[in-house]
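These are my notebook entries on one structure. I record what I looked up, topic by topic.

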Amino acid sequence: MSERMASCGSLYDVSSTNLLLQYCNNDDTVSAGSNMDMEDRVSQLEQRLQLQEDEIQLLKAALADALRRLGCCEEQRMQGGGIQPGRRPLATTAPTPSTKVRQLLQALPSRPLSNGYVQQKRLLSSPSSPKKEVLQSIKRKSMSTERLTLVKREMAAESRSRTTSSSSSSCGKSKTKECSLNAEDGYVRMFLRGRPVTMFLPDAQRDGYSLDNKVALPDRKLKLQWVYGYRGRDCRSNLYLLPTGEIVYFNASVVVLYNTEEQQQRHYLGHNDDVKCLSVHPDMVTIATGQVAGNKDGKQLAPHVRVWDSVSLNTLHVIGAGVFDRAVTCVAFSKSNGGALLCAVDDANDHILSVWNWQKEKQLADVKCSNDSVLGAVFHPMDANLIVTCGKSHINFWTMEGSTLSKRQGLFEKNEKPKYVLCVAFAENGDAITGDSSGNIYVWAKGGNRISQVVSGAHEGGIFSLCVLKDGTVVSGGGKDRRVALWDHDYSRQADMEVGEAFGPVRALAEGKPGELFIGTTKNAIIRAAFPDTLTPIVQGHTDELWGLDAHPSMEQFVTCAQDRQVHLWDTNSHQPLWSKTIEDPGRSAGFHPSGAVVAVGTMSGRWLVLDTDTRDLVSMHTDGNEIISNIKYSPDGNFLAVGSHDNFVYIYAVTESGRKYSRVGKCTGHSSFVTHLDWSADSQYLVTNSGDYEILFWEASSGKHVTNMDAVRNLEWATCPLGFSTFGVWPDGADGTDINAVCRSHDGVLLASADDFGKVHLFSSPCCQPRAPSHMYGGHSSHVTNVAFLHDDSCLISTGGKDTSILQWVVA
């Protein structure tokens, strides 16, 4: 058999390019006389090549499994041990030399195959997510269909010959569409992308377990309590104060109404994907928000504008579904006619400007706005038929007559023409005021398209926001200089203040109570400010992809780390960070010591560090490999730390002095793909790991030795690995193995939460050991949900978003 496997390994020597040429030359279906055009032929060949590479991946997985079994069998025989209980010998021939087994394993590709012609399944995931690593579009070696089929037949026959129970008998076996139960050997097998995943039943369930058992929905549900962060990094004009005392803004797919005095949030949850723009009606109650194209249950949803009531949070109208392209980037109500009209700009190549009677949901006019990006669109406060748009190298004044929009370009004449006109506001007398990327403020006389006044060099770098206060004075917010300046009616500077570097450049400005401002920044923070120098952060968040999360073992706190190199320790009552620390490398994973005294943080570079939770001081720093530390977790007794890496290894450290001293005691070697998840047994004696090719392996904690006797671990309980008997019910129909990014069991063992790749948080009953178990499903994130964690008392669940960088806090009730 080893000789046959050696030949299988050599099959990878034929390149994908040669295989494509072979098809072009030899395949009878692609003949010179064919009437198919070249594109159809190439497309057909690409599809065939992709199917073959998928088959190769399955063959590789089967080979790796078979070789691993051979290696284990050989070790047992060399040590004089018997065959594993309940299993027949894997082969009747003499043992293969261990060096040969290792050579064969090394000859196999270490990651799943994919070819460079096929588009990725989803575009939601980031370049750093495990999904992209599994499906990298890179050149791989291939093999011919005939030899592949022959090898698959031989391996299938050999597999049948050594199965632990007769396949001709139905005794002890049952199957569903994607799962099978072997009651005799006590395991359930499910399939992900055609790859078998075997999970062993605890002894207590072996007699009464059936795949047909029904699971009830959990008695408890989740309710969104708090949204951490604000979307300021790439959105504008999205911060306003309502008469209720609430500020309104958005993050991910949630529009937040935050009462800063009472420390309460309400949430509008009508959107199903990223919210990109916001406008408040003159009645100060009705709000319009626009979103990007969404995805629900695998179906594309068109971008649209939702008009809703900020008191009841009820949706009043949905506008433009099927009309807008890609996303709605600007939206604004008219002001002079009671707010009867709504204008919007989409993200199509031509950036279409459209005007709507929003109460009738009827489009009145539309026009191509600009080939270049459009950053703002607003109605003139005194003329409902005049709209001003601004963006790259332009400011346009649009007049609506009937269903026609006519354009007058703003004339810069002798003044410097900026690369971008970034924002526009209106003075009390109707003049338009613009801020641009050169740091200049231009005043455009009412009704005209010419500049009447110039404030040169108002800021160093761009001016991202302008706000006209109730007393007629103007506030401007700078980008590069991070300054907020106050200007009188004649545009003379009266005062200014600087926003700290930690909060970033100014993105949005809103007037608060008399003498008070709210400042939104590009680092996703909101600050309450007052001249001359009062600056108080009230909302903070991450600014780059967020994966690292863990809940404090005994306090109402949790830690997050992201690729923005920030580590935050959050208090769930004040909803503010107790401290923040900048680290050298992008963060990826985090884990508290059981004492809560220290927290370990894994990075994208192979480095991991330990921080004191009281002082945020650096306690220790180590490096294992040079790839992503995807998981870092202390054992329940606090004596060990497991570090899971994308280099396929798990490093085990002995921990002493309450988490302040570390020494490596083991290295878990055996995975053929990167480690995605790991978990400790309750007694801290064993580890379980999941990998990118859907393997489940077990290890001895003290030595890192691979556990091959399943009877030693089948009765242990695990809480945070998506692949396992107690959690496999979270996987949906047709899952590809990367749809579930994280799971977490509540401390009372009753609930199981999952984070999926479609922006949803699910709540299951635990244990979740029936196929496709029912769940409560919750939206709010607009990107893949990367992690979930219950607080120490199970009162709340924390979830983190990847690209949306949001943190959501859910009450468990």
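In which strand is the place of Gly587? I found Gly587 in strand β42 (residues 587–592), where strands (E, at least two residues) and helices (H or I, at least four) are DSSP runs numbered from the N terminus.

Before going on, I note that this is a predicted model, in which local features need pLDDT of at least 70, side-chain atom pairs count only at pLDDT 80 or more, and totals for chains, interfaces and linings use all residues. Residues are numbered from 1 along each chain as its sequence is written, and side-chain values use heavy atoms, with hydrogens and water left out.

**Entry: Gly587.** I looked up its accessibility: Gly587 has a relative accessible area of 1% and is therefore buried (buried is under 20% relative accessible area, exposed over 50%, partly exposed in between, with a 1.4 Å probe and protein chains only).

**Entry: an open sheet.** I traced four strands that form an open sheet in the order β26-β27-β28-β29, with antiparallel pairing; two strands pair if DSSP finds at least two bridges between them. The edge strands, β26 (421–426) and β29 (451–455), each pair on one side only. The twist averages 20 degrees from one strand to the next, with axes as lines fitted to C-alpha atoms (for helices, over the stretch in contact) and angles from 0 to 180 degrees between N-to-C directions. Strand β28 (residues 441–444) is joined to β29 by four bridges, and Ile441 has Val455 as its bridge partner.

**Entry: a hairpin.** I found six bridges between strand β20 (residues 352–357) and strand β21 (residues 362–368), which run antiparallel. Ser354 is partnered by Asp366 in β21. The two strands form a hairpin with four residues between them, and Glu361 in the turn has a positive phi of about 55 degrees.

**Entry: aromatic pairs.** I counted 21 aromatic pairs. Rings of Phe, Tyr and Trp (its six-membered ring) pair if their centres lie within 6.5 Å; planes under 30 degrees apart are stacked, over 60 edge-to-face, and the rest tilted. Tyr209 and Phe725 form an edge-to-face pair, 5.3 Å centre to centre with 65 degrees between the planes. Tyr209 lies in the loop between β6 (195–200) and β7 (222–228), and Phe725 in the loop between β53 (706–707) and β54 (740–745), so the pair ties together parts 516 residues apart in sequence. Tyr209 and Phe725 are both buried.

Why is the pair of Tyr228 and Trp570 edge-to-face? The ring centres of Tyr228 and Trp570 are 5.0 Å apart and the planes are at 70 degrees, so I record the pair as edge-to-face. Tyr228 is in strand β7 and Trp570 in strand β40 (residues 566–571), 342 residues apart. Both Tyr228 and Trp570 are buried. I also noted one aromatic cluster formed by Phe397, Phe412, Tyr442 and Trp444.

**Entry: charges over rings.** The charged end of Arg507 sits over the ring of Phe464, 4.7 Å from its centre (the rule asks for NZ of Lys or CZ of Arg within 6 Å of the ring centre and within 35 degrees of the ring normal). Arg588 lies over the face of Trp547, at 4.1 Å from the ring centre.
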